[in-house]
Every structure is written in structure tokens, then in C-alpha cells.
Amino acid sequence: MPLAKTIALLARRRRMKHSPLAAAVLLILAWAAPAALSAGMPRAQKHESRHEIDQLEETWRDAILKSNIATMDGLLADDYMAITASGMLQTKEQALASLRAGRIHFTTLDISDRKVRFYGTTALVTSVASVEGTTGEGDVSGSYRYTRVYVRDAQGAWKIVSFEVSKIREPGEHSEHK
């Protein structure tokens, strides 16, 4: 019997209306309901979604390395927002314009330590990227941690809605910004 029907049935039973046991059962069921609803997707679906996200991450990597604006345009949601390593906000239009103008150029982009977690129709990816390249701000070679957020759109396609990157500093290394 579905959880909501069980709770309703217990609440309607007159003989249990004022029972401490009924109150305890209702409290436990109410507490457990959110956990039961968010238990996650079935294992096969999770495996398939993980495979899709891994492929999209590789597609993104290739698009950045080859400055493929059309592919990048298809990957990013219209309301995409990034936080760059320098702390600047960047919209989809700005990201595509930078790629188009050649202000972003990577010669190496090696990804490691990828972790993918799912929250309903949202996928959260964290990874380490070792890069060699330049942006409009100059040389950006080094190691970075990033978080990328994907959401399934109305057509069922995964779109990147958010991205944030931070430079990994070596022990004793100081930021250029003080």
C-alpha cells in the first residue's frame, strides 16, 4: 500500500485517533516519507544516466579543445551561468563569444577524479582538470577543481546549467590577488 494511503487510513481510524501508538506511527511515517521519495533512481537507470553524463563530459572536453561553438551551444542551457577561476560570472552568450573570438584556447585538458551524483533530474559532476592554455586573462596552465551541474530539459536531454572552477594551489603557493 502506498505510503500516503497508509497515513490517511491510520488518521481516519477512529479507535486510534487519540492513541499514542498511532501518533508515533504517523510521526515515523511522516519522517520516513521524504527519504523514501528521494531514495534515488533504479540502478539500471542510474547506470545509463551516468554513462550519458560521462559521454557529455567528453563531448564538452572535445568542444573546448577544438573551439567547437556549435557543440558547446548545444550543451549549454539558455540560462547557463558559470563562475570562472577569477570569480567572474559568465553567461552562455559570453562563453560562446569568448570561444568564437579565440580568447579561450586550451592545448591540454586532462580530466581525473570524476564523481557524478544524481538528484532527480539533476546531475552534479566534480572533477580535477589539468590544463595548458590561455584565456583573455592570460596563461591558465595548472590544475583546477570544477563542479558542473546538468539538468534534464523538457525533451529529456541533459543540459549544463552551471559551472564553477577553482585553481588548486600547491602548499605554500599564494594567490596573485591579495
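**Rings, core and strands**

Tutor: Let's start with a trio: W60, Y146 and F163 are linked into a cluster by ring pairs. Keep in mind that this is a predicted model.

Student: Okay, and how many aromatic pairs does the structure hold?

Tutor: There are 4 aromatic pairs. In one of them, the ring centres of W60 and Y146 lie 6.0 Å apart, with 40° between the planes.

Student: Why is the pair of W60 and Y146 called tilted?

Tutor: Centres have to lie within 6.5 Å to pair, and planes under 30 degrees apart would be stacked, over 60 edge-to-face. The planes of W60 and Y146 are at 40°, so the pair is tilted.

Student: Which other pair is tilted?

Tutor: F118 and W158 form a tilted pair, with 6.1 Å from centre to centre and 50° between the planes. This one also links distant parts of the chain: F118 belongs to strand β3 and W158 to strand β7, 40 residues apart. F118 and W158 are buried as well.

Student: You keep mentioning α3. How do you know that its length is close to what is expected?

Tutor: Helix α3 covers residues 43–65, which is 23 residues. At 1.5 Å a residue, 33 Å is expected, and α3 reaches 33 Å from its first C-alpha to its last. After α3 comes S67, with a positive phi near 50°.

Student: Which residues of α3 are buried, and what covers them?

Tutor: The buried ones are S49, I53, L56, E57, W60, R61, A63 and I64; buried here means under 20% relative accessible area. Their cover includes α4, α5, β3, β4, β6 and β7.

Student: What makes a set of residues a nonpolar core?

Tutor: The members must be buried, of a nonpolar kind such as Ile, Met or Tyr, and joined through side-chain atoms within 4.5 Å. The largest core here has 30 residues, and I53, M72 and Y150 touch the most other members. Helix α3 gives the most to this core, with 5 residues. As a general point, nonpolar side chains tend to be buried together in soluble globular proteins.

Student: What is Y150 in contact with, apart from its neighbours within four places in sequence?

Tutor: Among its contacts are I53, L56 and E57, as well as T121, T122 and W158.

Student: Now the strands. How do you know that β6 and β7 pair?

Tutor: Pairing takes at least two bridges. Between β6 and β7 there are 9 bridges, so these strands pair, and they run antiparallel. One example is V149, whose bridge partner in β7 is S162. The two strands form a hairpin with 5 residues between them, and G156 in the turn has a positive phi of about 90°.

Student: And what about β1 and β7: parallel or antiparallel?

Tutor: They run parallel, joined by 4 bridges. A82, for instance, has F163 in β7 as its bridge partner.

Student: How many helices and strands does the protein have?

Tutor: It has 5 helices and 7 strands. Of its 178 residues, 27% count as buried.

Methods
Residues numbered from 1 in each chain as written. Predicted model: local features only at pLDDT ≥ 70, side-chain atom pairs only at ≥ 80, totals over all residues. Heavy atoms only, no water. Buried < 20%, exposed > 50% of the residue type's maximum accessible area, 1.4 Å probe, protein only. Expected span 1.5 Å × (residues − 1). Contact = heavy atoms within 4.5 Å.
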